[in-house]
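Thank you all for coming.

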Amino acid sequence: MHDVNYEEAQELLKTPQRCENPGDWEPEKQQRDTWSLSIGVLDQNGIRTQLQVELIYRHSQKTGLTWYKFTVFLRHAWGLERVYQLDVTHSLRPIKDKHSLPHEHIGKRRVNGELSWQKWQMKDVLQRFSTQTKIEFLPPVSHPEVFELKG
């Protein structure tokens, strides 16, 4: 995966931005128990930026594993570069693989998260993501496993 450098990531995320009408989570066809949501980012004036948000949520009743991978990408004609990523895994069993422990990527820099993040719910993960990226979702993103009437 291509990453922007740390300084560029900080520059791209230094001002408040937003995602409007994030839409519905879509089930992933190739990965069971997984949903994703992808949306473009607008600047403070409502003008589309080159940033794109991708939220991935996986929850398996069978294994008890819940995984959140929330990412901001910079779009180029040739593809995507990762700007920021929040990766949080919950497990009923202790996580032994250090790479699977909660962490963030800010450009090319990986920052370990707190072990308490493993107890976070969707709202907590979204809050951290929004705080770190200064991206607000209007209206707020719903949980993929909760059915909500719209209208």
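This is a predicted model: local features need pLDDT of at least 70, side-chain atom pairs count only at pLDDT 80 or more; totals for chains, interfaces and linings use all residues.

Let me start with asparagine 21, which sits in the loop between strand S1, residues 17-20, and strand S2, residues 26-27. Its relative accessibility is 59%, and therefore asparagine 21 counts as exposed. The phi angle of asparagine 21 is near 50 degrees, which is a positive value in a residue other than glycine.

Lysine 134 also has a positive phi, near 60 degrees, and is likewise a residue other than glycine. You will find lysine 134 in the loop between helix H2, residues 122-133, and strand S9. Here the relative accessibility is 36%, so lysine 134 counts as partly exposed.

If we follow the chain on to strand S9, which covers residues 135-138, we reach proline 139 in the segment after that strand. The peptide bond that joins leucine 138 to proline 139 is cis, with an omega of about -5 degrees.

Which residues touch the most other members of the largest nonpolar core? That core has 32 residues, and the ones in question are Trp25, Val53, Leu55, Phe70, Val72, Phe129 and Phe137. Two or more residues of this core come from each of helix H1 (6-12), strands S3 (34-42), S4 (48-59), S5 (66-76) and S6 (79-90), and also from H2 and S9.

Finally, I would ask you to look at glutamate 104, in strand S7, residues 103-106. Is this glutamate 104 buried or exposed? With a relative accessibility of 2%, it counts as buried, because that value falls under the 20% cut-off. The side chain of glutamate 104 makes a polar contact of 2.5 Å with the side chain of tyrosine 84, and another polar contact, of 3.3 Å, joins it to the side chain of glutamine 132. Leaving aside residues up to four places away in sequence, glutamate 104 also touches others, among them Arg109, Arg110, Trp117 and Arg128.

Note on methods
Residues are numbered from 1 along each chain as its sequence is written. Side-chain values use heavy atoms; hydrogens and water are left out. Helices (H or I, at least four residues) and strands (E, at least two) are DSSP runs, numbered from the N terminus. Buried means under 20% relative accessible area, exposed over 50%, partly exposed in between (1.4 Å probe, protein chains only). A polar contact is a pair of N or O atoms within 3.5 Å; within protein, one must be able to donate a hydrogen and the other to accept it, and residues adjacent in sequence count only if both atoms are side-chain atoms. Contact means heavy atoms within 4.5 Å. A nonpolar core is a set of buried Ala, Val, Leu, Ile, Met, Phe, Trp, Tyr and Cys residues joined through side-chain atoms within 4.5 Å.
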